Amino acid sequence: MKTFNYSLASSLCALIIGILLVVWPGMAVNYLVITIGVLFLIPGLLGLFTSITQRSAQRSAFPVVALGSALFGIWLIIMPGFFVSILMYVLGALLVLAGVSQLSNLAAARAQLPVPWAWLVVPVLVFVAGLVVLFNPFEAATVPFILLGAAAIVYALTDLVRLFRYRRRNEGHMTDVEIIE
């Protein structure tokens, strides 16, 4: 019975998380950046604290890296939207450049040997994806979270169906197992 309760709880949590990711994907992006900020802040603060406590015992250099990590973490926590937009513009530009690079490489290869037109599909899609990200960066940042949320919902629903449909069939076949050493 313990397994059923754990499975039920994990399926319900996955369902709730999936629904939240689908309904509010923009908030998920911000919370991810805030979480990364916390992951920079904690080691930075620990480094500063360790340096201050050990400073009285021995002369050591000021922990510039720890201070930088803590300040960067605070900045990420305070301004997550700023970093999301910058990151998306950089990724969009990289996708555009990658698409153009692939297209030019295929054009150069076409001058020497035959290249099927189907090979141009992926570079064009990469280029178009880069343009979409550049012109709509925040919505593009939320798409992976929507997909993750949809996947979590599908997982949770199929697991709940499995739990309730097949639970009764397996309960009668359980036996105690004795461990022999």
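**Close-up views of a predicted model**

**View 1. Helix α4 from end to end.** Helix α4 has 33 residues, and its first and last C-alpha atoms lie 48 Å apart, close to the 48 Å expected at 1.5 Å a residue. The expected span is 1.5 Å times one less than the number of residues in the helix. Helices are DSSP runs (H or I, at least four residues), numbered from the N terminus. This is a predicted model, in which local features need pLDDT of at least 70 and side-chain atom pairs count only at pLDDT 80 or more, while totals for chains, interfaces and linings use all residues. Residues are numbered from 1 along each chain as its sequence is written, and side-chain values use heavy atoms, with hydrogens and water left out. Look along α4 for its buried residues: Pro80, Phe83, Val84, Met88, Gly92, Val96, Gly99 and Leu106. Here buried means under 20% relative accessible area, exposed means over 50%, and partly exposed is in between (1.4 Å probe, protein chains only).

View 2. Helix α5 covers residues 121–135, and its 15 residues should span 21 Å at 1.5 Å a residue; the end C-alpha atoms are 21 Å apart, which agrees. Pro123, Val126, Gly130 and Val133 are the buried residues of α5. Viewed down the axis of α5, these buried residues fall within an arc of 85 degrees, so they line one face of the helix. The arc is taken from the directions that run from the helix axis to the C-beta atoms. An α-helix has 3.6 residues a turn, so residues three or four places apart point the same way. On the face of α5 turned away from the buried side, you will find the exposed residues Leu125 and Phe135.

**View 3. The second largest pocket.** This pocket holds about 200 Å³ of space. Among its 14 lining residues, Val29, Val33, Val84, Leu87 and Met88 are the closest to its centre. Helices α2 (25–55), α4 (80–112) and α6 (137–171) each give two or more residues to the lining, and α4 provides the largest share, 5 residues. A pocket is an open set of points on a 1 Å grid over the protein atoms alone, where a 1.4 Å probe fits, with protein on both sides within 12 Å along at least five of seven lines; lining residues have an atom within 4 Å of a point. The volume is the space filled by probe spheres set on the points, which are joined across faces, edges and corners.

View 4. The whole structure has 5 aromatic pairs. Phe40 and Phe72 form an edge-to-face pair, 4.9 Å centre to centre with 90 degrees between the planes. Rings of Phe, Tyr and Trp (its six-membered ring) pair if their centres lie within 6.5 Å; planes under 30 degrees apart count as stacked, over 60 as edge-to-face and the rest as tilted. Phe72 is partly exposed, with a relative accessible area of 30%. Phe72 also forms an edge-to-face pair with Phe83, at 5.7 Å and 85 degrees. Phe83 counts as buried, at 17% relative accessibility.
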